[in-house]
Amino acid sequence: MSDLKKQIIVQLNLKDLKPEDIGDDQPLFVEGLGLDSIDALELIVLLQQEYKIKLSNAEDGPKVFQSVRTMAQYIKEHQVQK
Amino acid sequence: MSKQPDRNLSSEKYITANCAIDNGVVYVNGASVFENKTASISEFLDKAYQHFEIGYPKFYKMDNLSKLGVLGTDLLLKNNFNAHNYKPDEIGVVLMNASASLDTDIKYYKTVNDIPSPALFVYTLPNIMIGEICIKNNFKGENAFFVFKSFDGTFMARYVNNLFAENVIQACICGWAELLGENYKVVLYLVEKKQTNQSSLFNEENIKKMYRTNNG
């Protein structure tokens with residue numbers, strides 16, 4: 001999950017954060033890390049660029065991007081299916 | 001009951017502060033306050049942000065044009081402006097440049113062949129810079145962005161004077177904010193109806209002079 005946190009920091013230009021500042025289960029949006037809708041799109045780009053995973057159903061977004069842990073879980077499940 | 005600010009009822013407007021960013025140097029009211037001539041524009045902006053302890057993490061997500069505008073406005077207003085003297089919708093922002101958002105347009109276009117970047121796409125309009133300035137400072141007044149081949153002081157003076165004349169605004173941040181690649185120049189000034197010790201008359205001649213000399 002540490003690598004994923006580093007990738008999120010680079011992709012979203014969160015230069016004031018270090019990987020250890022982001023909790024595994026910390027909400028990524030609103031009250032957590034405070035990400036916005038453009039960040040959500042950038043996270044989709046990150047999945048495509050780094051893991052070749054396309055988020056096929058947009059309605060899955062809120063679940064997938066709930067936290068770093070849920071993102072990592074989604075990546076793991078979809079890489080296994082390849 | 002809060003005290004209402006004194007409003008000068010004459011039609012004169014004054015430049016009560018100015019800020020310029022050009023060739024690795026930041027000037028506020030004519031004095032150099034930060035310098036780094038060897039850094040790239042991106043490095044320069046991040047170093048200036050850290051130096052002035054702006055403390056606004058969203059800054060890092062902005063394109064370079066918006067960073068220039070936000071940095072310039074912050075330094076223009078710091079120690080020179082009391083936002084409590086005005087309602088948010090009385091403070092306007094009027095800016096102009098030559099390259100619009102071309103710097104970011106080019107960067108965005110380069111991503112299109114792979115996966116287009118949403119974060120770059122949102123900055124492919126020059127007035128987004130004004131949006132970022134207004135969000136950070138809670139300005140809700142009239143705003144406009146104009147693209148001219150070169151700085152047009154005649155137009156700027158006339159446009160801003162009209163906004164004041166129609167009572168649309170009581171204060172205005174205006175000027176030039178240009179960026180393309182590593183070339184940039186920002187000359188901003190705060191226009192108010194009040195006169196201060198260091199203020200100069202807001203007119204075509206003075207803003208043209210300010211643009212030429214960077215420091216008023």
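A: From the N terminus on, the elements of chain A run α-α-α-α, and this is a predicted model, with four helices and zero strands in chain A. The C-alpha trace of chain A spans about 35 × 25 × 20 Å along its principal axes. For 82 residues a compact globule would have a radius of gyration near 12 Å, and chain A agrees with this because its own value is 12 Å. Buried residues account for 20% of the 82 residues in chain A. Of the contacts in chain A between residues at least 6 apart in sequence, 53% join residues at least 24 apart.

Chain A also touches chain B, in a contact that takes nine residues from chain A and eight residues from chain B. On the side of chain A, the residues that touch chain B divide into three nonpolar, three polar and three charged.

The helix pair itself belongs to chain B, where helix 1 covers residues 41-51 and helix 2 covers residues 64-77. Two packed helices are described by the angle between their axes and the distance between the axes. For helix 1 and helix 2 of chain B, the angle is about 35 degrees and the axes are 11 Å apart, while the crossing in which helix 1 of chain B passes helix 2 of chain B is left-handed. Helix 1 of chain B contributes Ile41(B), Ser42(B), Leu45(B), Ala48(B) and Tyr49(B) to this packing, and these meet Asn64(B), Lys67(B), Leu68(B) and Leu71(B) in helix 2 of chain B. Sorted by class, the contact between the two helices of chain B has six nonpolar, two polar and one charged residues.

Glu53(B) counts as exposed because it has 6 C-beta neighbours inside 10 Å. Lys61(B), which lies in the loop between helix 1 and helix 2 of chain B, counts as buried because it has 20 C-beta neighbours inside 10 Å, and 20 or more is the condition for a buried residue. Leaving aside its neighbours within four places in sequence, Lys61(B) is in contact with Asn13(A) and Ala119(B). From Ala17(B), by contrast, Lys61(B) is 44 residues away in sequence and 28 Å away in space, C-alpha to C-alpha.

There is also a strand pair in chain B to consider. Strand 2 (residues 25-28) of chain B and strand 3 (residues 31-35) of chain B run antiparallel and are joined by four bridges, and Val25(B) stands opposite Glu35(B) in strand 3 of chain B. The two strands of chain B form a hairpin with two residues between them. Asn29(B), in the loop between strand 2 and strand 3 of chain B, has a phi near 50 degrees, a positive value in a residue other than glycine. With 19 C-beta neighbours inside 10 Å, Asn29(B) counts as partly exposed, whereas Glu53(B) counts as exposed and Lys61(B) as buried.

Conventions:
Residues numbered from 1 in each chain as written. Chains lettered and ligands numbered in written order. Predicted model: local features only at pLDDT ≥ 70, side-chain atom pairs only at ≥ 80, totals over all residues. Contact = placed C-beta atoms within 7 Å. Nonpolar A, V, L, I, M, F, W, Y, C, P; charged D, E, K, R; others polar. Rg over C-alpha atoms; globule rule 2.2 N^0.38 Å. Buried ≥ 20, exposed ≤ 12 C-beta atoms within 10 Å, placed from the backbone. Pairing = 2+ DSSP bridges. Axes fitted to C-alpha atoms, helices over the stretch in contact; angles between N-to-C directions. Left-handed = near helix turned anticlockwise from the far one by under 90°.
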